[in-house]
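Two packed helices are described by the angle between their axes and the distance between the axes.

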Amino acid sequence: MPSASSRLNRLVDLAKETSSDKRRELLREVTDVFLDNAHDCSDAEKSYFGEIINKVATGMDAAVRKHLAARLSSNPNAPHALIRGFAMDEAEIAREVLSKSPVLQDEDLISIAETGNQEKIGALAQRPAIPEIVSEAIVQHGDDAAVSQLVANSGAKVSRGTFRKVMERAETSAILQAPLVSRQDLPADMVNELFTFVKAELREQVQKRMEAIPLEELERALQEAEREVASELRQLRAADRKATVYVGEMFQQRKLNEGLLIQLVKSGKTAELIHAFARLAEVDVRTIKRLFNARNIEGIAIICRSLRFERGTFSTIAVSVLPNSGATNRNIHEVLDLYDQVTSETAQRVMRFWRVRREVTDQVAQA
């Protein structure tokens, strides 16, 4: 191994050269010196090395900067300013630093997310450990692909509020659904909500998770759900108010029953059907809308089973929800098979979650 003095002399000689090959060699040598001694360097010395490396690297082609960034990406002693500079470089150079470097601070990561560069945000989402505040920034500024990577990352901590934002996006974005279903720290009430809108192939997995949730966790989740629902109830649109009035009149006239649901299906009055179905099931309107929008026949079967509806009533509602009256996806026998497969125990367990929202609705209305 060369002595310190001979190594220093070589660096001085290389610094006098101006060719690109010699500059690359100088950069490699300076980086080697730093890495060999980084654990013994003070913060001031690390900063000084960072300035030297950055100065030598400036003006070099992207391939050189990418190689250097990758080499320093996992080193906990790398100079902060240098690593932050790589993070701000083009995405191809920044990727490994963003996904690995322990040197980057929360504010660095948030500022990167705020740029809106989706390649970089996707790299952030792959970090081995992500605090809640950074996860929030990724969800706020990232596209669905980046957010999907975040949710699939078990090292990412996600707050309840951030999970809520992802849930809202997942209603219309299939790419987010599978990672959410697999997310073990998703609040229990949100696991239940997933059942209302995820793709059919994921519902069985959601149902198994729901059945495995401990009772004490259910109680905590229900309390959280109550607080959230209370803040949502003041946002009914004009069409919802009109449907609410109609359903109220039908209730007063003792006409709110299975027959009315069938009549509303046949007349194409979807808003009134949703509100009437919600009133009969003692479930909030938003949950029923989700079931209908997601064409979630299993969820509709659970409600109909809990209300002891006739199979014909269920099939009429279910077929109306399917595209092209169900002709392209499921025939009437398959729909009825779903109804028969729902057990009373499953129906009551799921309905308990959904009815919490309705209970809170009533409490707020009476306040």
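## H20 and H22

Helix H20 (residues 297-306) and H22 have axes that come within 9 Å and cross at roughly 55°. H20 and H22 are therefore oblique to each other (under 35 degrees is roughly parallel, over 145 roughly antiparallel, 65 to 115 roughly perpendicular, and the rest oblique). Their crossing is right-handed, the term for a near helix turned clockwise from the far one by less than a right angle.

On the H20 side, Ile297, Glu298, Ala301, Cys304 and Arg305 meet Val335, Leu338, Tyr339 and Asp340 of H22; contact means heavy atoms within 4.5 Å. By class this contact has six nonpolar, no polar and three charged residues (Ala, Val, Leu, Ile, Met, Phe, Trp, Tyr, Cys and Pro are nonpolar; Asp, Glu, Lys and Arg charged; the others, Gly among them, polar).

## H21 and H22

The axes of helix H21 (residues 311-321) and helix H22 (residues 332-341) cross at roughly 120° and come within 10 Å. H21 and H22 are therefore oblique as well, and H21 passes H22 in a right-handed crossing.

Arg311, Phe314, Ser315, Ala318 and Val319 of H21 make the contact with Ile332, Val335, Leu336, Tyr339 and Asp340 of H22. These residues divide into seven nonpolar, one polar and two charged.

## Basis

Axes are lines fitted to C-alpha atoms, for helices over the stretch in contact, with angles from 0 to 180 degrees between N-to-C directions. Helices are DSSP runs (H or I, at least four residues), numbered from the N terminus.

Residues are numbered from 1 along each chain as its sequence is written, and side-chain values use heavy atoms, with hydrogens and water left out. In this predicted model, local features need pLDDT of at least 70 and side-chain atom pairs count only at pLDDT 80 or more, while totals for chains, interfaces and linings use all residues.

Methods
Helices (H or I, at least four residues) and strands (E, at least two) are DSSP runs, numbered from the N terminus.
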